[in-house]
Amino acid sequence: MATTTRSAERARLTYFPQLAAERLDIALCRASAAVARAADTHAAEEGLGVGQHLVLQMLDAVGPCSQQTLSEELRIDRSVMVSVCDDLERAGHVRRERNPRDRRSYAVTITDTGRRRLVEAQTSVPAFLDDAFHALTPEERGQLSTLLGKLLGVGA
């Protein structure tokens, strides 16, 4: 009986690699969840949420835009985007102003404080990425980026 239990336990411990090889969707979901957990932990240590960081980064890169545009471009649910922008505004990292092109919406703009906070946060990203993707060589990371771009429909 003890031998049967040990065999069953070994089978459970070795089943996931087989499953991941057979089901790329499962493997990708589990890898994504692991990277997301690591990103959330890193963000908590930095004191700036992942969504907040992405919003500041986009605003710095493209300039003022609506919460709807931020939500669509960053693939963050609209209801979550409201709280992300609320938190950033409370911290003084962004401001909302009437959109001059559409008075029914607000343009979100990064502030100087937000730019400084973004620079601080960006300094730790390379080390985080090296840690999160340590199992991959630089060439494999490039391949992964290309493949994910294809899957997301954003590849060159």
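## About the model

This is a predicted model, in which local features need pLDDT of at least 70 and side-chain atom pairs count only at pLDDT 80 or more, while totals for chains, interfaces and linings use all residues. Residues are numbered from 1 along each chain as its sequence is written, and side-chain values use heavy atoms, with hydrogens and water left out.

## Overall shape

Let's start with the whole chain. The protein chain holds eight helices and three strands; helices (H or I, at least four residues) and strands (E, at least two) are DSSP runs, numbered from the N terminus. Read from the N terminus, the elements follow the order α-α-α-β-α-α-β-β-α-α-α. The radius of gyration of the protein chain is 20 Å, well over the 15 Å that the globule rule gives for 156 residues, so the chain is more spread out than a compact globule. Here the radius is taken over C-alpha atoms, and the rule is 2.2 Å times the number of residues to the power 0.38.

Along its principal axes, the C-alpha trace spans about 70 × 30 × 30 Å. Of the 156 residues, 26% are buried, where buried means under 20% relative accessible area, exposed over 50%, and partly exposed in between (1.4 Å probe, protein chains only). Among contacts (heavy atoms within 4.5 Å) between residues at least 6 apart in sequence, 43% join residues at least 24 apart.

## The nonpolar core

In soluble globular proteins, nonpolar side chains tend to be buried together. In this model the largest nonpolar core has 17 residues, and those with the most contacts inside it are Val55, Leu56, Leu59, Leu70, Met81 and Leu88. Such a core is a set of buried Ala, Val, Leu, Ile, Met, Phe, Trp, Tyr and Cys residues joined through side-chain atoms within 4.5 Å. At least two residues of this core come from each of α3, α5 (78-90), β3 (102-110) and α6.

Which residues does Leu88 contact, leaving aside its neighbours within four places in sequence? They are Leu48, Gln52, Val55, Leu56, His93 and Val94. Gly49 sits in the loop between α2 and α3 and is partly exposed, at 27% relative accessibility.

## The largest pocket

The largest pocket has a volume of about 1800 Å³. Of its 39 lining residues, Val35, Leu129, Phe133, Leu148 and Leu152 are the closest to its centre. On a 1 Å grid over the protein atoms alone, a pocket is an open set of points where a 1.4 Å probe fits, with protein on both sides within 12 Å along at least five of seven lines; lining residues have an atom within 4 Å of a point. Grid points are joined across faces, edges and corners, and the volume is the space filled by probe spheres set on the points.

Helix α2 gives the most to this lining, with 11 residues.

Arg75 lies in the loop between α4 and α5. Arg75 is not a glycine, yet its phi is positive, at about 55°, and it is exposed, with a relative accessible area of 60%.

Arg78 belongs to helix α5 and is exposed at 62%. Its C-alpha atom is 7.6 Å from that of Gln67, 11 residues away along the chain. Ser79 is in helix α5 too, and is exposed at 52% relative accessibility.
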